[in-house]
Each structure stands twice: as C-alpha cells, then as structure tokens.
Amino acid sequence: MNINRPKRLDYIFVSIQILLFVIYALPIKFFIIALPLWLQYSGIFLVVLGVLLGIVALLQINTKLSPFPTPVANSTLLSTGAFSIARHPIYTAILMMSLGYAIYQESVFKLLIFLALFVLFYFKSKYEEKMLLLTFNSYKTYMKKTGRFFPKLF
C-alpha cells in the first residue's frame, strides 16, 4: 500500500469540505443576530489574521500543497513559521476567516457552518496525523510541542 496516494477517506473529507465551503458562501440572510459594533468589527480582525496565517503557511508548503490529508510523496516535515504556531495552520486560517466573517455578518447560519468546519477539520486532521506519524519519525515530538489548531500554552 502506497501511503502517499489519496485514499477513499481523503476524497470523502475533501468532498465534505467543498460542500461546506459552498454552503457557507450562499447568500443566506436568516438567523441574523445584533452584535455590538466593536464585536462585529473584531470579526474583520480575525479574517485578516486568518488571511495572513494562511498566506504564510501556503508559501511555506509551496509545491507540496494538496487538499488531501494524506501526505504528498517526498514531502518534508514543516515545523517552523506558521507550523510552529499550529500543526495545521491552513485549517486554523480557514477557521479564523470563517468565524470572523460570521461574526462580522452577524450570521448564526455562518456560525453553524464554521462549527461544522471545525468538527470536519478535527477529524480530517486526526486522520492526517495518523499518516504523518507513519511518514515522519519526528512527528510525535512535534505533536507534543505544537497545538493542533492553536498554540500550546503549556
């Protein structure tokens, strides 16, 4: 079995992710709540932070970018830059952007999709990490010192 080839579960995760992105992008205007202006604009701050983190992570991955959780053949373990903040900084960036925009739009609907993305990324990253543990000997040590989506504080 070639560990670096996408498997059935890879396609399922990516299909669900695309579906959630499409649903999130729908111009649905129900389930709107009124938030204080300062909180609403803090959503924009989250979006900007997410964009910056995502750009740094994408630049680091470069040509090894894949939507699939199975590691790309001949890849190397990244643990600096964005990957020193979180083991899955692109997921973190997407979560930050989707949460921030949901807050800015005062949309409970988008907040629910954000929660669905969070659950999806949790399970997708667990699956991905099983593959990364088989691919990189040092991944277990990296896991201990770096948080999944957010920096480890302790």
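These legends describe close-up views of a predicted model.

**View 1. Helices α1 and α5 pack against each other.** Helix α1 covers residues 8-25, and helix α5 covers residues 108-135. Their axes lie 10 Å apart. The angle between them is about 165°. Angles over 145 degrees count as roughly antiparallel, so α1 and α5 are roughly antiparallel to each other. Their crossing is left-handed.

**View 2. Residues of α1 meet residues of α5.** On the α1 side, the contact includes Leu-9, Phe-13, Val-14, Ile-16, Leu-20, Phe-21, Ile-23, Tyr-24 and Ala-25. Asp-10 and Gln-17 of α1 also take part. On the α5 side, the residues are Phe-109, Lys-110, Ile-113, Ala-116, Leu-117, Leu-120, Phe-121, Phe-123, Lys-124 and Tyr-127. By class, this contact has 17 nonpolar, 1 polar and 3 charged residues.

**View 3. Arg-87 forms a salt bridge with Glu-129.** The closest N and O atoms of the pair are 2.5 Å apart. Arg-87 sits in the loop between α3 (82-85) and α4 (89-105), whereas Glu-129 belongs to helix α5. The pair therefore ties together parts that are 42 residues apart in sequence. Residues under 20% relative accessible area count as buried. Arg-87, with a relative accessible area of 8%, is therefore buried. Glu-129, at 3% relative accessibility, also counts as buried.

**View 4. Arg-148 and Glu-129 meet in a salt bridge through their side chains.** The N to O distance is 3.5 Å. Arg-148 lies in the segment after α6 (139-145), and Glu-129 in helix α5. The two residues are 19 apart in the chain, and the pair links distant parts of it. Arg-148 and Glu-129 are both buried.

**View 5. A network of salt bridges links Arg-87, Glu-129 and Arg-148.** How many salt bridges does a search of the whole structure find? The search finds 2. One is the pair Arg-87 and Glu-129, with closest N and O atoms 2.5 Å apart. Another is the pair Arg-148 and Glu-129, at 3.5 Å from N to O.

**View 6. Ile-12 is found in helix α1.** Is Ile-12 buried or partly exposed? Its relative accessible area is 36%, so Ile-12 is partly exposed. Ile-12 and Lys-126 are 114 residues apart in sequence. In space, their C-alpha atoms are 14 Å apart.

How values were computed. Residues numbered from 1 in each chain as written. Predicted model: local features only at pLDDT ≥ 70, side-chain atom pairs only at ≥ 80, totals over all residues. Heavy atoms only, no water. Axes fitted to C-alpha atoms, helices over the stretch in contact; angles between N-to-C directions. Helix = DSSP H or I, 4+ residues; strand = E, 2+ residues; numbered from the N terminus. Parallel < 35°, antiparallel > 145°, perpendicular 65-115°, else oblique. Left-handed = near helix turned anticlockwise from the far one by under 90°. Contact = heavy atoms within 4.5 Å. Nonpolar A, V, L, I, M, F, W, Y, C, P; charged D, E, K, R; others polar. Salt bridge = Lys/Arg side-chain N within 4 Å of Asp/Glu carboxyl O. Buried < 20%, exposed > 50% of the residue type's maximum accessible area, 1.4 Å probe, protein only.
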